[in-house]
Amino acid sequence: MALLAVVASLFSGLFFMARSGQGDARRSNKAMRMRVVLQGAALLLFLIAILTRA
């Protein structure tokens, strides 16, 4: 589920980046920041899954 959220935020950021305009640049930056946060969360969940499995 976390992987899907990361992919969705990546594509939304790319979509806004492909469009022109100042408002779209702000949306693109926000989407890319959200992608970084979601990637961190996905990595943390992966680490917890590995540590609890052992």
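Here's a quick briefing on the fold, helix 1 and a few of its residues.

This is a predicted model, where local features need pLDDT of at least 70, side-chain atom pairs count only at pLDDT 80 or more, and totals for chains, interfaces and linings use all residues. Residues are numbered from 1 along each chain as its sequence is written, and side-chain values use heavy atoms, with hydrogens and water left out. The protein has two helices and zero strands; helices (H or I, at least four residues) and strands (E, at least two) are DSSP runs, numbered from the N terminus.

**Overall shape**
- Along the principal axes, the C-alpha atoms of the protein fill a box of roughly 50 × 15 × 10 Å.
- The radius of gyration is 14 Å, while a compact globule of 54 residues would come in near 10 Å (taken over C-alpha atoms, with the globule rule being 2.2 Å times the number of residues to the power 0.38).

**Helix 1**
- Helix 1 has 17 residues and reaches 24 Å from its first C-alpha to its last, close to the expected 24 Å (1.5 Å times one less than its number of residues).
- Its buried residues include Val6, Ser9, Gly13 and Phe16.
- Seen down the axis, the buried residues of helix 1 fall within an arc of 100°, so they line one face (the arc is that of the directions from the helix axis to the C-beta atoms).
- As a reminder, an α-helix has 3.6 residues a turn, so residues three or four places apart point the same way.
- Over on the other side of helix 1, Leu3, Leu4, Phe11 and Ala18 are exposed.

**Residues in helix 1**
- Ser9 sits in helix 1 (residues 2-18) and is buried at 7% relative accessible area.
- Leaving aside residues up to four places away in sequence, Ser9 touches Ala31, Met34, Arg35 and Leu38 (contact means heavy atoms within 4.5 Å).
- Leu3 is exposed, at 62% relative accessibility.
- Leu3 and Ala42 are 39 residues apart in sequence, with their C-alpha atoms 6.7 Å apart in space.

**Asp24 in helix 2**
- Asp24 belongs to helix 2 (residues 22-53) and is buried, with a relative accessible area of 9%.
- Asp24 touches Phe16 and Arg19, not counting residues up to four places away in sequence.
- From Asp24 to Leu47 there are 23 residues in sequence and 34 Å in space, C-alpha to C-alpha.

How values were computed: Buried means under 20% relative accessible area, exposed over 50%, partly exposed in between (1.4 Å probe, protein chains only).
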